[in-house]
Amino acid sequence: MKFYFAPMEGITGYPFRNAFQQCFPGIDRFYTPFLSANDTFSFTTREKRDTDPALNKVSDLVPQIITNNAEMFVWAIEKMSELGYKEVNLNLGCPSGTVVAKGKGSGMLRYPDRLDAFLEETFELLDKNHISYDSSVNASTSSEKQVSVSVKTRLGIHDPSESDRLIAVYNRYPLSDVIVHSRVQKEFYKGEIHYDHFRKFIEGSKHHLVYNGDIVTKKDFEKVKALFPEIDTVMIGRGLLINPSLIRELNGGEPCTLEEIKAFHEALIESYIPEMGSDANLLYKVKEYWSWLSRSFTDSERYMKDIRKAKNLPEYKAAVRNLMANCKFEPNR
Ligand SMILES: Cc1cc2nc3c(=O)[nH]c(=O)nc-3n(C[C@H](O)[C@H](O)[C@H](O)COP(=O)(O)O)c2cc1C
C-alpha cells in the first residue's frame, strides 16, 4: 500500500512537512495545501516558499492548485514544471463557502459540463504549449516539459449520485490519479463516508484511484482494505495529525511514544522559526496543530487552555511541558 499525506491548508506547509518527514518517515507522497492560480498570474510569497525546492526536504511533493480558469491553471502547471515538479494536482474538493461561491474547489462540481470544458481547454493548452502530461513517455527522448495532472475530488455538491456524471467527465482525460473524498460538498468533513459511491468510482473509472477519508485507526484502514481490495494507495489527513506514527502502525510497526512526540514537537518549532518571523506567528501555527494532537492526550482540555493562552514561546513551552507531564499519551483511543 502507498500512503499519501493529504494537503491541509494552514497546517501542512513546508515546515510541517519537513519536520514530519524527519521524525516519521514512511509517507510516499506529500501534497502542498492549495495554491491559488488567479488573474494576477503570480503566486504569493508564502506560496512561492511552499514550493521552493531549496526549502522542501521531502522527496516526493505534488503542488496543488485551486482555480476555475484553464489558462491560469496551465500557467501554474508551467511554473511548477520550471521548478522541477512532475505532477500538479487540481483541487476539486475544497468545501469552504467562500471558495465554492467563486466556483472553485468543490464549486467546480456544480456544473459538470463546465468542468468538462475546463479540462478540455486545459489539455488543449498543454498540447499547444508543448507540455507533455503523459507520464508513459520517456522524458529523455523528448524536449517537452513533462507534468502529469491529477485531481482531488468529492462526489458532488448535494447528492452522491452526482458522481456518475463526474466519473464520465474524468474518464475523458489523461489524469494520472483521481483522489476521491467520498463525501459531497454539503457534508464538509463530517458524517458517514459514502462507501457505496466509492465502489461505483472503482467500477466506472478508468483512472488510478486513491481513497481518502476517515482513516484514523488501524481498524479504519482494515475496513477500507476489506471493502476495496483493488485500491493500492490511500491518502490520510487528520489521522496523521492526531497520530503521527499512524502509517508505521498500519505497516505493523510500534505505536508512537511520548518521547517521539516530544522530539517531533521540537523539530516542528525548529522548522517553523525561520519561516514565521515572529513568535506570534509561530505560536499561532503550533497552537493550531495542538487542536489536533491534543486528541491523543487523555483529559487534555484544561492544559490546552494554557497552551491557547500562552503569549510567548517560554509560556507556550511551559504549557506544553505541563500537558505532557499530566496527560497520558494514548493515540488510537
Ligand atoms: C484544516 C483542513 C485543511 C484542508 N486543506 C485542504 C487543501 O488545502 N486541499 C485539499 O485538497 N484538501 C484539504 N483538506 C481536505 C483533506 O486533504 C482531506 O481530504 C480531508 O481531511 C479528509 O481526509 P481525512 O479524513 O484523512 O482527514 C483540508 C482539510 C482540513 C481538515
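How many bridges join strand S9 to S10, and do the two run parallel or antiparallel? In this predicted model, 3 bridges link S9, which covers residues 148–153, to S10, and the pair is parallel. Within that pairing, Val 151 sits opposite Val 178 of S10. To get from S9 to S10, the chain passes through helix H6 (residues 163–171), and this β-α-β crossover is right-handed.

S10 itself spans residues 178–181. In a regular strand, side chains alternate between the two faces of the sheet. Here, Val 178 and Val 180 point one way, while Ile 179 and His 181 point the other way. Whichever way they point, all of these residues are buried.

S10 also pairs with strand S11 (residues 209–212): 4 bridges join them, and they too run parallel. His 181, one of the buried residues of S10, stands opposite Asn 212 in S11. The link from S10 to S11 goes by way of helix H7 (residues 195–204), in a β-α-β crossover that is right-handed.

Now for a pair of helices. The axes of H13 (residues 301–309) and H14 (residues 313–326) come within 8 Å and cross at roughly 170°. With a crossing angle over 145° counting as roughly antiparallel, H13 and H14 are therefore roughly antiparallel to each other. On the H13 side, the contact is made by Tyr 303, Met 304, Asp 306 and Ile 307. H14 brings in Tyr 316, Ala 319, Val 320, Asn 322, Leu 323 and Asn 326. Sorted by type, the residues of this contact come out as 7 nonpolar, 2 polar and 1 charged.

Note on methods: Residues are numbered from 1 along each chain as its sequence is written. This is a predicted model: local features need pLDDT of at least 70, side-chain atom pairs count only at pLDDT 80 or more; totals for chains, interfaces and linings use all residues. A residue is buried if 20 or more other C-beta atoms lie within 10 Å of its own, exposed if 12 or fewer, and partly exposed in between; C-beta atoms are placed from the backbone. Two strands pair if DSSP finds at least two bridges between them. A crossover is right-handed if, with the strands pointing away from the viewer, the path from the first strand over the helix to the second runs clockwise. Axes are lines fitted to C-alpha atoms, for helices over the stretch in contact, and angles run from 0 to 180 degrees between N-to-C directions. Angles under 35 degrees count as roughly parallel, over 145 as roughly antiparallel, 65 to 115 as roughly perpendicular and the rest as oblique. Two residues are in contact if their C-beta atoms, placed from the backbone, lie within 7 Å. Ala, Val, Leu, Ile, Met, Phe, Trp, Tyr, Cys and Pro count as nonpolar, Asp, Glu, Lys and Arg as charged, and the others, Gly among them, as polar.
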